Amino acid sequence: MELAISAVTGELVSRFLSLLVNKYHSSRAYSEEKQLKRLEQLILRARTVVEEADGRYITNSGMLEQLNMLAEALYRGYWALGAFRYRSLEETPIEEEEEHPLSKNKKKSNSCPPKRLRMFHSSARKKKATYLLELQGALENLEDAVSSMKEFVVILGGCDRMLRRPYDTYLYNDNIMFGRHAEKQKLLNFLLQHGSPGGAPAVIPVIGGPAVGKRTLVAHVCKDERVSSQFSSILHLNGDSVCRIADHDSVLSGKVLVVVEIVSDVDQEDWAKFCSTLASMDSGSKVIIVSRCISSEKLGTVKPIFLNTLPYEEFSYLFKTLAFGSVDSARHPQLARIADKMAREMQSDWSLVAANLLADVMRRNLNIHFWLSMLSRMRRFVERNFSIFGEHPQLLVLRRHQIDVTDFFLHPASPLRILPSCTTGSSRTEITEERQLLPNVRLGDLVVDPGAIPQGDFNVVSWESSVPPYTSFVHFASNGAPSVAEDTPLSGRKRKSI
């Protein structure tokens with residue numbers, strides 16, 4: 001009798017515990033679902049405010065700070081939402097997914113060793129918990145940012161709208177000019193403010209690292225209707241030619257906007273002569289300095305605009321938007337996961353040019369094996385250049401040193417090295433007549449079809465920007481040559497504006 005009672009009691013306790021566990025998991029799943037839905041709603045609200053603000057003239061510095069905070073919270077929310085959606089993929093061993101698609105002759109094990117499998121599932125549980133914390137953190141951050149936007153939205157309604165022609169609207173909606181919301185407004189405010197009568201021209205430096213979008217930001221602002229009507233002409237110079245500004249007499253009438261690109265320290269006497277020439281003209285002329293040098297800050301008359309590398313969440317959003325094109329990334333969680341991995345590795349050491357280049361190639365083939373092979377090629381490309389030259393490829397590009405791009409091709413006939421351009425899309429850009437006669441090949445086409453490599457020397461077009469100043473990143477390649485002279489004075493070229 002006692003055994004029967006004990007058995008019944010044990011069964012009842014077991015069922016009760018099972019009921020509690022199921023109820024806990026059910027309530028937890030419901031809670032996660034509620035959090036996801038809430039995050040999606042907040043992302044929509046924040047995106048609406050950011051896009052509306054991006055289409056108006058904002059002169060209030062406090063509002064610009066709020067806009068910057070809202071944009072950061074928005075992109076963090078986008079990343080957390082995407083990462084949580086593909087969290088279930090962590091339950092499959094990454095080695096199994098990332099096996100190179102060409103390694104068909106390798107023997108696959110039917111199962112993982114028990115010890116290794118236990119370690120993997122333990123790691124997967126930790127990652128799942130991490131994703132949940134990221135989701136909660138992004139949700140709280142976005143809730144705080146959105147809840148403090150009431151006054152912002154009210155004041156925003158009183159700001160003037162920007163006039164956009166149909167073509168500009170298309171570019172805007174297609175995320176061509178991405179991010180930099182507060183920086184764009186600051187530069188617009190500087191150009192649209194009335195200058196003090198007489199005296200030296202107002203000067204604002206735009207300072208940032210290589211390929212972070214300095215020239216793109218300036219070109220985008222210069223296209224604005226109010227800016228183009230504010231100045232009689234826009235003149236582009238480089239640091240070496242500021243002392244020869246008087247040579248441009250034909251355009252130096254009325255209020256002039258001068259964009260000066262500086263790559264090294266400017267002679268103080270030349271700069272003083274330059275400012276004196278502008279001061280002798282009609283009042284209201286202004287100068288924008290585009291530079292990588294922090295020392296350029298001292299040339300400004302107002303606080304400079306600093307452009308930093310995009311935060312990881314914002315960079316990841318941009319890269320996935322470029323790589324997926326018109327396809328919804330939520331429908332391809334495995335591809336989104338790979339894109340996040342690539343963005344994580346590119347965000348600090350690579351440039352926006354590299355992101356556009358890789359995204360252009362990947363967008364042509366939304367296949368998991370192809371994307372994994374691109375991730376593998378990118379890693380081998382970095383490792384090979386470290387092995388040969390002892391530096392990251394991005395640093396080699398900055399020094400105009402040749403880089404080895406062999407690993408981007410499946411079956412190259414011979415090693416392929418290219419010599420990066422000196423400068424691209426700037427007022428200093430020139431291209432020799434000899435280079436113009438060489439055949440041009442897009443790097444993306446070579447990745448897809450290595451057989452397209454022409455005989456002899458040729459130009460490699462790594463990427464062509466669709467945003468002013470329409471930069472083409474053109475590099476020199478010597479097919480079959482063991483190396484390329486490092487001191488060859490090559491430069492990129494600039495496409496004609498459409």
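1. A residue counts as buried when its relative accessible area is under 20%. In this predicted model, Leu446 has a relative accessible area of 0% and is therefore buried.

2. Leu446 belongs to helix H17, which covers residues 443–448. Setting aside residues up to four places away in sequence, the contacts of Leu446 are with Phe409, Val441, Ala452, Ile453 and Phe458. One of these partners, Phe409, lies 37 residues from Leu446 in sequence, while the C-alpha atoms of Leu446 and Phe409 are 7.2 Å apart in space.

3. Helix H11 runs through residues 312–324, and its 13 residues reach 18 Å from the first C-alpha to the last, which is close to the 18 Å expected at 1.5 Å a residue. Directly after H11 comes Gly325, which has a positive phi, near 65 degrees.

4. How many of the 13 residues of H11 are buried? The count is 11, so that the helix is mostly covered.

5. As to the cysteines, the structure holds 0 disulfides. Cys159 has a relative accessible area of 14%, which is under the 20% cut-off, and therefore counts as buried. Cys275, at 15% relative accessibility, is likewise buried because this value is also under 20%.

How values were computed
Residues numbered from 1 in each chain as written. Predicted model: local features only at pLDDT ≥ 70, side-chain atom pairs only at ≥ 80, totals over all residues. Heavy atoms only, no water. Disulfide = S-S within 2.5 Å. Buried < 20%, exposed > 50% of the residue type's maximum accessible area, 1.4 Å probe, protein only. Helix = DSSP H or I, 4+ residues; strand = E, 2+ residues; numbered from the N terminus. Expected span 1.5 Å × (residues − 1). Contact = heavy atoms within 4.5 Å.
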